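Morning, everyone. Please have the sequence and the model open, and follow along with me.

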Amino acid sequence: MTEPLLKVESLVKHFPVRGSGAGRHVVLRAVDGIDLTVDRAETLGLVGESGCGKTTTGRTIVRLAKPTSGKITFDGHDITNLGQRALKPLRADLQIIFQDPYASLNPRHTVGSIVAMPLVVGRIKPPGGVKARVQELLEIVGLNPEHYNRYPHEFSGGQRQRIGIARALALQPKLIVADEPVSALDVSIQAQIVNLMRSLQREFGLAFLFIAHDLSVVRHFCERVAVMYMGKIVEVGDRHEIYETPAHPYTRALLSAVPDMNAPAGHKRIMLTGDVPTPIDPPSGCRFRTRCWKAQTKCAEVEPLLAKGPGGSLVACHFPEIGPLAGVQPKTAEEVAS
Amino acid sequence: MIEPLPRSVDAISTDEGPAPSEMVAGRSPGQVAWMRLRRDRTARISAYTLLVLFAIAIFAPLISKVMGIGPNDTFQDATNDIGMPLGYLGGISGRHWLGLEPNSAYDILIQLVYGLRNSLIIAVLAAIISTTIGVVMGIVAGYVGGWVDKSISWLIDFLLVLPFLLFAIVTLPLLESLFFSSRQAIPNAWEMGLIVFIFTVFGWMGTGRLVRGQVVSLREREFIDAARAAGAGPLHIMLRQILPNLWAPILVTFSLSLPGYVTGEAALHFLGIGIGGTAPDFGTMIFNSLGYMQTDPAYTLVPGLVILLLVLAFNMFGDSLRDALDPKSSR
């Protein structure tokens with residue numbers, strides 16, 4: 001088996017918490033030891049509820065944040081502790097798309113200079129000139145190249161996100177970390193953007209780390225899915241394993257929360273009780289045990305590790321669920337076709 | 001302003017792409033502000049006033065030549081034996097439009113014209129230099145953070161608590177006596193430079209603090225992360241990504257700091273700080289006129305009115321500029 005494009009091993013990112021007692025070393029455990037791999041041209045979805053560390057994971061992988069510990073290997077290079085200068089040549093292959101299309105474009109720059117920025121910063125002279133390349137990129141993402149001289153405030157959210165995608169594509173990356181790229185958009189626009197990313201992924205052989213909390217979008221876009229809870233990955237597997245035979249109780253709870261038009265009458269949602277514990281002081285053992293309906297004493301004592309579960313996925317649970325998710329739908333025609 | 005989305009690839013059927021003339025140029029935020037400014041009547045009136053005053057200041061030597069009166073010419077023959085100007089209203093005549101100064105017998109109009117020139121030179125220089133220093137300090141403090149931010153912020157606090165006038169009263173004569181003996185005449189340019197220097201030292205903190213605050217919030221925006229993810233260095237981020245977003249507050253503080261320097265300069269000379277130069281000056285004129293408040297009120301009134309007009313025009317224009325650049329601030 002060939003080396004994966006991105007390999008993340010026991011990645012940890014802690015943030016120091018201020019205002020705590022003097023001298024006490026209090027940290028917020030945003031990401032607490034996760035392992036991930038993304039193969040070339042593969043799409044991995046990273047899902048979980050707000051505050052579970054998805055975004056921090058993405059930011060740490062593109063090294064906008066420095067990992068506390070762990071190892072990130074990208075395209076054969078260990079980029080865990082590289083300085084910004086040493087990182088620069090690798091930046092071209094590793095790009096990010098941001099969540100908020102209103103904050104991710106410099107309001108004082110024209111669309112042309114926003115998309116050209118990575119080329120200018122990297123001192124890259126594309127054949128035919130920067131302007132031609134930028135207009136080509138605008139066309140690739142479905143924007144009018146004539147909008148080269150316009151400013152971001154003249155565009156809608158979806159168009160802005162296309163500009164952000166064009167900027168990420170400018171350096172022809174191998175991996176794009178998409179940090180909730182559609183969650184700030186209208187539902188009608190979300191599909192357009194996801195379809196755009198899917199066609200780009202096929203056309204250019206891009207790999208995506210797709211961070212989202214919307215499970216239906218992830219199902220539509222990602223071949224593999226990792227579920228995160230409080231800084232840990234609780235389950236990871238192929239799309240059909242996660243969506244059809246989820247093994248971790250948390251995954252089941254997440255999936256049952258997805259509104260489903262075709263759900264049979266009497267379909268019972270799994271209602272999680274209680275709040276998410278604070279990541280400053282996570283529960284011992286399994287972190288999900290405080291909200292899990294299957295929790296037993298073992299869960300508080302021994303932390304479950306990722307292991308092959310009954311549904312084929314890797315699951316971190318002592319008492320994984322078995323069998324298909326109640327009320328699960330057969331594959332849609334679209335998925336069969338893809 | 002928002003275009004419908006599907007106006008995409010199909011819009012261009014030819015392979016060459018759009019002709020340059022077809023390029024849709026959007027309005028930049030600056031152009032939008034400029035349009036708003038042009039529609040603002042207060043801005044127009046104050047801008048024209050300022051233009052006239054600046055023109056007078058720039059062409060002061062020309063005016064002096066046309067009138068045939070130099071800034072140091074005296075007209076003792078037009079004053080009586082106790083030094084009061086002959087004629088009504090302080091000696092207003094066809095030759096001396098605003099009359100003569102009592103005692104010294106200078107022509108008031110020419111004194112005002114040169115006073116305006118000196119005042120504006122000092123104010124503009126001080127504003128440019130102090131704004132530049134403030135912007136640089138603010139961007140560095142805000143972007144670099146850490147101990148750099150702490151030391152710059154400390155310096156700002158330190159300079160802000162120093163009483164400016166007391167400091168000026170002590171340092172200006174001290175600095176002058178360092179370079180010139182008491183009998184030497186101090187060149188006008190040197191004294192003006194000294195005042196600009198002291199204004200600069202005490203004038204950049206407001207801008208610095210404002211810019212630092214803006215940068216601290218801009219630094220967390222995602223477009224900065226996008227630049228970093230593309231491998232941009234700190235210089236690119238500070239100059240190309242952050243600075244263009246600061247032009248609005250910089251312009252506003254710049255234009256609102258000018259009247260402060262005009263009055264500050266007049267105040268220093270009114271208090272007699274850093275006297276030595278013989279350059280015509282508003283503050284010195286008003287100080288000299290105080291003794292003639294009853295006998296020749298026009299002498300006090302005229303320089304006072306010019307300062308009022310200048311400062312008012314600057315302030316009105318600065319306010320309009322702020323409204324034009326950031327229409328949300330008035331809501």
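Chain B has 13 helices and 0 strands. Helices here are DSSP runs of H or I with at least four residues, strands are E runs of at least two, and both are numbered from the N terminus. This is a predicted model, where local features need pLDDT of at least 70 and side-chain atom pairs count only at pLDDT 80 or more, while totals for chains, interfaces and linings use all residues. Residues are numbered from 1 along each chain as its sequence is written, and chains are lettered from A and ligands numbered from 1 in the order in which they are written.

Back to chain B. Its pattern along the sequence is α-α-α-α-α-α-α-α-α-α-α-α-α. Of its 331 residues, 39% count as buried. Buried means 20 or more other C-beta atoms within 10 Å of the residue's own; exposed means 12 or fewer; partly exposed is in between; C-beta atoms are placed from the backbone. Now contacts: two residues are in contact if their C-beta atoms, placed from the backbone, lie within 7 Å. Among chain B contacts between residues at least 6 apart in sequence, 73% join residues at least 24 apart.

Helix α6 of chain B covers residues 164-179, which is 16 residues. At 1.5 Å a residue it should span 22 Å, and its end C-alpha atoms are 22 Å apart, so the two agree. The expected span is 1.5 Å times one less than the number of residues. Which residues of α6(B) are buried? They are B:A168, B:L172 and B:E176. An α-helix has 3.6 residues a turn, so residues three or four places apart point the same way. The buried residues of α6(B) pack against α7 (188-203) and α11 (247-270) of chain B.

Helix α7(B) also has 16 residues, and reaches 22 Å from first C-alpha to last, close to the 22 Å expected. Its buried residues include B:E191, B:M192, B:L194, B:I195 and B:F199. The buried residues of α7(B) pack against α4, α5 (146-161), α6 and α11 of chain B.

Next, a crossing. The axes of α2 (residues 41-58) and α4 (residues 108-144) of chain B come within 8 Å and cross at roughly 100 degrees. Axes are lines fitted to C-alpha atoms, for helices over the stretch in contact, and angles run from 0 to 180 degrees between N-to-C directions. α2(B) and α4(B) are therefore roughly perpendicular. The classes are: under 35 degrees roughly parallel, over 145 roughly antiparallel, 65 to 115 roughly perpendicular, the rest oblique. From α2(B), the contact uses B:L53, B:F54, B:I56 and B:A57; from α4(B), it uses B:V113, B:L116, B:R117 and B:L120. That contact has 7 nonpolar residues, no polar and 1 charged. Nonpolar covers Ala, Val, Leu, Ile, Met, Phe, Trp, Tyr, Cys and Pro; charged covers Asp, Glu, Lys and Arg; the others, Gly among them, are polar.

Over to chain A. Here 8 strands form an open sheet, ordered β6-β7-β8-β3-β9-β10-β12-β11, with mixed pairing. The edge strands are β6 (94-97) and β11 (307-308), each pairing on one side only. Two strands pair if DSSP finds at least two bridges between them. Helix α5 (residues 157-169) of chain A lies across β6 and β7 (175-179), at about 175 degrees to β6(A).

Look at β10(A), residues 232-238. Why call it largely enclosed by the rest of the structure? Because 6 of its 7 residues are buried. Strand β9 (residues 224-229) of chain A pairs with β10(A) in the antiparallel sense over 6 bridges. A:V225 stands opposite A:G237. The two strands form a hairpin with 2 residues between them, and A:M230 in the turn has a positive phi of about 50 degrees. On to β12(A): 2 bridges join β10(A) to it, running antiparallel. There A:E235 stands opposite A:V315.

A:I242 lies in helix α8 (residues 239-244) of chain A. A:I242 is buried, with 31 other C-beta atoms within 10 Å. Leaving aside neighbours within four places in sequence, its contacts include A:V225, A:E235 and A:G237.

Last, A:S104, in the loop between β6 and α3 (111-121) of chain A. Is A:S104 buried or exposed? A:S104 is buried, with 26 other C-beta atoms within 10 Å. Not counting residues up to four places away in sequence, A:S104 touches A:F98, A:G164, B:E222, B:F223 and B:A226.
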